[in-house]
Amino acid sequence: MHVMRPPLPPFTAETAAQKVRMAEDAWNTRDPEKVSLAYTPDTVWRNRAEFIKGREAVQAFLTRKWARELEYRLIKELWAFDGNRIAVRFAYEWRDDSGQWYRAYGNENWEFSDDGLMARRIASINDLPIAESERKYHWPQGRRPDDHPSLSDLGL
């Protein structure tokens, strides 16, 4: 059974922004299986210095990621789009098991297949240690509330 994952390329400003919010919402569930379904079975990733191929490898990667990155909260923002590609900037906050907080800043380049699944994800990410008092994301874990400030609103 072939699955379509709208919105489909070619993207408009509206559908690209919708795709970005859908990705943010999915990642904020911290559910590796659910998140992996947005990617083609043979998806290719570069995440930092890690190279990942295939949906099963994505699930394994995300399982490791969210076991290490506790209290994860993410905001994504559309940067640019063209045809079947979307560029995103993002920042997420998390803490390690010793209680040290971080804000991770990054950029992603996405390429989609015609069915709206992501075939390629290239992510560059830097972690900044922060004090708990410097945190900007305080919503309950899960989906970011619609009235929560965006990256631009937060000056990030």
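Which residues are linked in a network of salt bridges? The legends below begin with that network.

**View 1. A network of salt bridges links Arg21, Glu24, Asp25, Arg143, Arg144 and Asp146.** The structure is a predicted model, in which local features need pLDDT of at least 70 and side-chain atom pairs count only at pLDDT 80 or more, while totals for chains, interfaces and linings use all residues. Residues are numbered from 1 along each chain as its sequence is written, and side-chain values use heavy atoms, with hydrogens and water left out. A salt bridge is a side-chain nitrogen of Lys or Arg within 4 Å of a carboxyl oxygen of Asp or Glu. The whole structure holds 19 salt bridges.

**View 2. Aspartate 25 and arginine 143 meet in a salt bridge through their side chains.** The N to O distance is 2.9 Å. The two residues are 118 residues apart, with aspartate 25 in helix H1 (residues 13-29) and arginine 143 in the segment after strand E6 (118-130). Helices (H or I, at least four residues) and strands (E, at least two) are DSSP runs, numbered from the N terminus. Aspartate 25 is buried at 18% relative accessible area, whereas arginine 143 is partly exposed at 42%. Buried means under 20% relative accessible area, exposed over 50%, and partly exposed in between (1.4 Å probe, protein chains only).

**View 3. Arginine 89 forms a salt bridge with glutamate 77.** Their closest N and O atoms are 3.2 Å apart. The pair links strand E4 (residues 85-95), which holds arginine 89, to strand E3 (residues 70-82), which holds glutamate 77. Arginine 89 is buried, with a relative accessible area of 15%, and glutamate 77 is buried with 16%.

**View 4. Arginine 103 and glutamate 93 form a salt bridge.** The closest N and O atoms lie 3.0 Å apart. Arginine 103 belongs to strand E5 (residues 101-112) and glutamate 93 to strand E4, so the pair ties together parts that are 10 residues apart in sequence. Arginine 103 counts as buried at 5% relative accessibility, and glutamate 93 is buried with a relative accessible area of 1%.

**View 5. The largest pocket has a volume of about 190 Å³.** A pocket is an open set of points on a 1 Å grid over the protein atoms alone, where a 1.4 Å probe fits, with protein on both sides within 12 Å along at least five of seven lines; lining residues have an atom within 4 Å of a point. Of the 14 lining residues, Arg5, Met22, Ala23, Ala26 and Ala38 are the closest to the pocket's centre. H1 supplies the largest share of the lining, six residues.

Terms used: Points joined across faces, edges and corners; volume = space filled by probe spheres on them.
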